[in-house]
Amino acid sequence: MRMKLVTAISILFVLSASAALLAMEKTPMTDQYLPLPLDGIAMPKMLAISNESNLYRGTAPSHMSPTVADALERIYVPNHSDNTVSVIDPETLKVIDTFMVGANPQHVVPAWDLRTLWVANNAEGRKDGSLTPIDPITSKPGKAIMVDDPYNLYWSPDGRSAIVVAEAHKRLDFRDPHTMKLQYSIATPQCGGINHADFSIDGRYVLFTCEFDGSITKIDMDSRAVVGTLKLCKYFDRLAAVESFEQPSKKPKKIPDSKVVASEICTGTGMPQDVRVSPDGKTFFVADMMADGVHVVDGESLKQIDFISTGVGAHGLYPSRDGDRLYVANRGSHDIHGKQGGKGSVSVIDYETRTLIKTWPIPGGGSPDMGGVSADGKFLWLSGRFDDVVYRFDTTSGDVKKIKVGREPHGLAVWPQPGTYSLGHTGNMR
């Protein structure tokens with residue numbers, strides 16, 4: 001019986017995305033992949049990508065999973081300073097519910113199996129962190145599970161582990177994706193402020209940003225170990241600037257390019273935030289709120305190959321539904337606790353050419369932070385971190401609507417979304 005079950009599991013993971021979804025509907029998720037003793041058996045890291053030239057084709061509007069058929073169309077907004085979640089009806093643009101969660105909610109994260117939304121309450125500076133489940137069919141919360149410092153939440157590509165980002169401890173805790181019981185941990189001592197991530201196209205490795213070290217770290221999913229860390233710099237291709245960054249006691253007054261003054265050299269530490277892989281899976285785009293733009297990193301070699309200037313406080317990254325463009329939320333401030341009415345905007349990058357297409361300002365200023373794209377791709381929803389609002393950007397015109405929510409809204413989730421499964425954050429779908 002055991003061998004038959006293992007064989008069935010192996011077959012399931014190499015099925016196409018649509019066939020895998022049908023199988024999920026027939027059998028409880030826990031029977032598919034959680035309890036089985038799979039040690040020593042080679043398992044694929046990801047379900048098959050339907051189009052390897054554009055891994056985001058699987059998140060096109062037509063690819064809605066049967067699993068989310070009964071989910072209510074809602075925007076879930078964690079209000080960090082109120083310890084609440086606001087629920088917005090996207091049709092009426094009104095808050096229709098607000099409920100209490102744990103201390104300092106940071107992100108609302110779709111589960112790998114798309115059946116639950118999890119609120120990551122990291123209880124800053126305290127020991128009562130928790131994860132609050134939300135039923136997307138009723139939009140109501142369940143009983144919270146106590147978890148140490150869950151700043152963010154991701155899922156192993158095979159769905160067998162929740163990856164709790166314990167930022168304060170420089171650690172990733174791999175847990176049972178339903179009970180949240182600890183499986184094992186990976187220490188990341190050289191990654192201060194570990195927070196956001198994305199996976200390679202085949203799931204062999206993952207890149208996590210190190211907010212307080214100005215770097216990005218690469219973790220091998222097989223060896224469960226850090227295999228490299230890269231310092232990021234907007235002047236990465238200028239030798240003098242790189243040398244000055246590595247040896248701050250010998251900083252030159254200016255680099256050879258006379259147009260760049262010494263204060264602009266990367267002698268200080270950047271603050272990388274969100275990260276997203278390119279449609280072809282070869283490069284990773286990394287927002288940096290101090291550099292005011294997006295670094296581009298080759299994932300295999302772990303080398304920086306480009307930098308794209310966007311706007312003040314580049315923060316969140318969201319692919320368009322067709323995978324052609326990348327939306328960059330520029331938070332409008334370099335401060336962790338900024339002021340209202342900042343120079344917030346959204347920039348649009350062409351993935352293929354790595355060029356800035358356009359930038360949408362917020363009339364009167366603002367602070368767009370984290371969020372997601374609507375299922376049909378027509379709107380980009382972002383929290384207004386310092387302005388206590390949510391923004392809805394029209395992805396054709398850039399027109400902005402605002403909805404008042406609680407204090408310090410952070411990583412909101414748009415639900416439902418297209419895709420076969422979630423890799424975490426506010427909707428990193430595949």
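This is a predicted model: local features need pLDDT of at least 70, side-chain atom pairs count only at pLDDT 80 or more; totals for chains, interfaces and linings use all residues.
View 1. Residues are numbered from 1 along each chain as its sequence is written, and side-chain values use heavy atoms, with hydrogens and water left out. The lining consists of Y56, T59, R276, Y318, P319, S320, R321, G372, V373, Q417, G427 and M429. Two or more of these residues come from each of β21 (314–319) and β25 (368–373); strands (E, at least two residues) are DSSP runs, numbered from the N terminus. The space in the largest cavity is about 110 Å³, and the model has three cavities of 30 Å³ or more. A cavity is a set of points, on a 1 Å grid over the protein atoms alone, where a 1.4 Å probe fits but cannot get out; a pocket is an open set with protein on both sides within 12 Å along at least five of seven lines; lining residues have an atom within 4 Å of a point. Grid points are joined across faces, edges and corners, and a volume is the space filled by probe spheres set on the points.

**View 2. The second largest pocket has a volume of about 410 Å³.** Of its 24 lining residues, Q106, N122, E124, Y151 and E167 are the closest to the centre. The lining comprises five nonpolar, nine polar and ten charged residues.

**View 3. H196 lies in strand β13 (residues 194–199).** H196 is buried, at a relative accessible area of 0% (buried: under 20%, with a 1.4 Å probe and protein chains only). Its side chain makes a polar contact of 3.0 Å with the side chain of N195 (N or O atoms within 3.5 Å, one able to donate a hydrogen and the other to accept it; residues adjacent in sequence count only if both atoms are side-chain atoms). Beyond its neighbours within four places in sequence, H196 is in contact (heavy atoms within 4.5 Å) with residues including H107, Y151, D274 and H425.

**View 4. C191 and C210 form a disulfide, with their sulfur atoms 2.0 Å apart.** The cut-off for a disulfide is a pair of cysteine sulfur atoms within 2.5 Å, and the count is one. C191 sits in the loop between β12 (182–187) and β13, and C210 in strand β14 (residues 205–210), 19 residues apart. The torsion about the S-S bond is about -105°, so the disulfide is left-handed. Both C191 and C210 are buried.

Conventions: Helices (H or I, at least four residues) and strands (E, at least two) are DSSP runs, numbered from the N terminus. Buried means under 20% relative accessible area, exposed over 50%, partly exposed in between (1.4 Å probe, protein chains only). Ala, Val, Leu, Ile, Met, Phe, Trp, Tyr, Cys and Pro count as nonpolar, Asp, Glu, Lys and Arg as charged, and the others, Gly among them, as polar.
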